[in-house]
Amino acid sequence: MTNPCIICVAITGSLPTKDNNPAVPITIAEQVESTQEAFEAGATIAHCHVRDDDGRPTSDPDRFAALKEGLEKHCPGMIVQLSTGGRSGAGRERGGMLPLRPDMASLSVGSNNFPTRVYENPPDLVDWLASEMLAHDVKPEIEAFDLSHIFKAHQMWKAGQIKDRPYVQFVMGVKNAMPVDREVFDFYIHTVRRLFGDDVPWCAAGIGARQLTVNEWAIGAGGHARTGLEDNVRLDRDRLAPSNAALVQRAVDLCGQYGRPVATWQQAREILGLRMVHP
């Protein structure tokens, strides 16, 4: 394979704390520094959450603005993807950062179970988030926790609620949601290609100990890969990951094993149809 692989680094998330791993970046300054290391290691998308002064998840647009500014300064050209996830806020406050016009934002188009709660994405909120992304020229990344979410993304695309072909990410390994299953993974790929075309780019994320497994499946199958401390804080059973960059390096090494170049930020923007920037 010669098609470049985009590596997304999910730097912080809503759940991991420094008690889980001291390398988890919490403050804006820590997040910028950790992302810069990951960018230099080969990541070209930064998937971003922010925390309040007590380290709790928030959707505060001002904190997102400060993080976006820091990333654009220290990681020139990197794709900034802000999270509209449900752990950081309720209702429309989840999309309060979209007027900042990040390159991308996550969009969950359906509900499902999480380890201890229901991840609620009611249709009216999904429609509103999609409309805000359209209004502010933000490309959604569809977070598919279930097969139905891929079909919902296709329906929204056909209805004009999503401007370009969706970039779908398969999320596998969340307890009570879709497990890491190779036959399901392969069927996800088949379904995305059937609905959106054989050349549509897609991504996959594995949660916890299965992060490396899903990284390898995605890279080997011609897709793109997500890694980072949001999803997994360990290198293996005995070792904590020393940084986001270390997890990115694992994905870079897999790209080498499968003969795939790691996408530059320019290539990543071209593959995803994003506006070019001039750092």
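Start by selecting Glu143, which stands opposite Gln169 in E10. You are looking at a predicted model, in which local features need pLDDT of at least 70, side-chain atom pairs count only at pLDDT 80 or more, and totals for chains, interfaces and linings use all residues. Residues are numbered from 1 along each chain as its sequence is written, and side-chain values use heavy atoms, with hydrogens and water left out.

Next, select strand E9, residues 139-144 (strands, E, of at least two residues and helices, H or I, of at least four are DSSP runs numbered from the N terminus). Six of its six residues are buried (under 20% relative accessible area, with a 1.4 Å probe and protein chains only). Lys139, Glu141 and Glu143 lie on one side, and Pro140, Ile142 and Ala144 on the other. In a regular strand the side chains alternate between the two faces of the sheet.

Strand E6 (residues 104-107) pairs with E9 in the parallel sense over four bridges (pairing needs at least two DSSP bridges between the strands). Here Ile142 is the bridge partner of Leu107. E10 (residues 167-172) also pairs with E9 in the parallel sense, over four bridges.

Finally, move to helices H6 (residues 211-220) and H7 (residues 244-257), whose axes come within 10 Å and cross at roughly 35° (axes are lines fitted to C-alpha atoms over the stretch in contact, with angles from 0 to 180 degrees between N-to-C directions). Contact residues (heavy atoms within 4.5 Å) include Leu212 and Ile219 of H6 and Leu247 and Leu254 of H7. The residues of this contact divide into six nonpolar, two polar and two charged.

Notes
Nonpolar A, V, L, I, M, F, W, Y, C, P; charged D, E, K, R; others polar. Buried < 20%, exposed > 50% of the residue type's maximum accessible area, 1.4 Å probe, protein only.
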